[in-house]
Amino acid sequence: MNIAVIGGAGFIGSHAVKLLVERGHQVTAIDNLTNGHRAAVHRQAAFYALDCGQTAALAAVFQERKIEAVMHFAANAYVGESVEDPRKYYRNNVAHTISMLDAMHLCGIKKLVFSSTCATYGQPDHVPITEDMPQRPISPYGQSKWMVERILRDTAQAEGLAFAAPRYFNVAGSALDGTIGEDHRPETHLIPIVLQVALGQRKQVDIFGNDYPTADGTCIRDYVHVWDLVEAHLVLLEHLKPGQGLFYNLGVGRGYSVREIISVCRRVTNANIPTREVPRRAGDPPELFADPGKMARDFGWKAKITDLEEIVRSAWRWFQAHPNGY
Ligand code: UFG
């Protein structure tokens, strides 16, 4: 297929580009390079430096490249920043997605996979989280993704769009051949931060909160390998149905605490990783992990890299080889 990957120079988008190229698709990566890295984009993909909010320019690229389906990863994704600057999130994540949908509509493109998030569930009443649980996002970031889910449902009804909105848990790791990986600036995610401490680039890891109602007092998350995640996108793309939306949790189905992550990182890196206990970070729910059973039942998809040590090893390979990122 001719597939456009918007946000194709970002962490997850660049892995999707690589997977699609390797599976024989014609890939067009589009990214405004605000957060993405040109060097992350696979050489066999066409690349356009373009903002997805520019409907006419985007439609021209879709037409020129005969695009048949879109994967849309471009978004701002810092929960804390979204609280401080909500309009940035509603503009870039919601308004620009509408502009992108306009471009798809102008070109008659009816297939879309859109990155959603477990942040749309907010503070769930229980874990594991199933797709039918109430969505009550607690940050503008989560709201923005939830709003797009609503917009996509309505667009599917009105125009016959076929879409999937996978809801990601905590995405980690790097391409297994070590060619691309994670390079967020600023970095806020736990595993990269711990590995940067192991590299001596930071003094210590701050543990945000030690009084959560969990076994060791720290937050629990479901860490899913980026390669498993992008493979699931391809599975979803292959099962899209006109006028319908597919909503799936993408996680491993088991949670690890912040302390467990740090201790696995110590094992993998052999580094003495100093920690400091600091107050809770606003907006962090105590425990999030997926029930990934619906993906397994409907499509036979399950994360293959379920061993946390293997996930951390894959991230570590990237950080060791690219201590300064791209
Ligand atoms: N944490 C620390 N110290 C750090 C960084 C993180 O203790 O220096 C803790 C956080 O408090 C949290 C856990 O490690 O409990 C994981 O934090 P991340 O920032 O790595 O990931 P989040 O769970 O906050 O965020 C992820 C995605 C978001 C998404 C969110 C949904 O990165 O895009 O899940 O809850 F919105």
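A residue is called buried under 20% relative accessible area, exposed over 50% and partly exposed in between, using a 1.4 Å probe and protein chains only. Keep that scale in mind as you click along.

This is a predicted model, where local features need pLDDT of at least 70 and side-chain atom pairs count only at pLDDT 80 or more, while totals for chains, interfaces and linings use all residues. Residues are numbered from 1 along each chain as its sequence is written, and side-chain values use heavy atoms, with hydrogens and water left out.

**Stop 1: the end of α8**

Select N270 to begin. N270 is exposed, with a relative accessible area of 72%. You will find N270 in the loop between α8 and β14 (275-278); helices (H or I, at least four residues) and strands (E, at least two) are DSSP runs, numbered from the N terminus. Check its backbone too: N270 is not a glycine, yet its phi is positive, about 60 degrees. Most residues other than glycine have a negative phi, and most peptide bonds are trans.

Now select T269, which belongs to helix α8 (residues 258-269). Is T269 buried or exposed? Its relative accessibility is 12%, so T269 counts as buried. Show its contacts (heavy atoms within 4.5 Å): leaving out residues up to four places away in sequence, T269 touches L195, A198 and W316.

**Stop 2: another positive phi**

Jump to L33, in the loop between β2 (26-31) and β3 (46-49). L33 also has a positive phi of about 60 degrees without being a glycine. At 32% relative accessibility, L33 counts as partly exposed.

**Stop 3: two cis peptide bonds**

Select V127 and P128 together. The peptide bond from V127 to P128 is cis, with omega near -5 degrees, and P128 sits in the loop between β6 (116-117) and α5. Then move to R185 and P186, where the peptide bond is cis with omega near 0 degrees. P186 is in the loop between β8 (170-172) and α6 (190-198).

**Stop 4: helix α7**

Color residues 226-238, helix α7. How many of the 13 residues of α7 are buried? The count is 12 of the 13, so α7 is largely enclosed by the rest of the structure. Among the buried residues of α7 are W227, D228, E231 and H233.

**Stop 5: a parallel strand pair**

Next, show β7 (residues 162-168) and β12. These strands run parallel and are joined by 6 bridges; two strands pair if DSSP finds at least two bridges between them. Zoom in on R167, which stands opposite N249 in β12. Strand β12 (residues 245-250) is mostly covered, with 5 of its 6 residues buried.

**Stop 6: the cavity**

Finish inside. On a 1 Å grid over the protein atoms alone, a cavity is a set of points where a 1.4 Å probe fits but cannot get out, and lining residues have an atom within 4 Å of a point. The structure holds 1 cavity of 30 Å³ or more. About 70 Å³ of space lies in the largest cavity, a volume being the space filled by probe spheres set on the points, which are joined across faces, edges and corners.

Select the lining: L101, M104, H105, G108, I109, K110, T155, E159 and L161. The elements giving two or more residues to this lining are α4 (86-106) and α5 (140-159). The largest share, 3 residues, comes from α4. By type, the lining divides into 4 nonpolar, 3 polar and 2 charged residues; here Ala, Val, Leu, Ile, Met, Phe, Trp, Tyr, Cys and Pro count as nonpolar, Asp, Glu, Lys and Arg as charged, and the others, Gly among them, as polar.

Technical notes:
1 Å grid on protein atoms, 1.4 Å probe; cavity = no way out; pocket = protein on both sides within 12 Å on 5 of 7 lines; lining within 4 Å.
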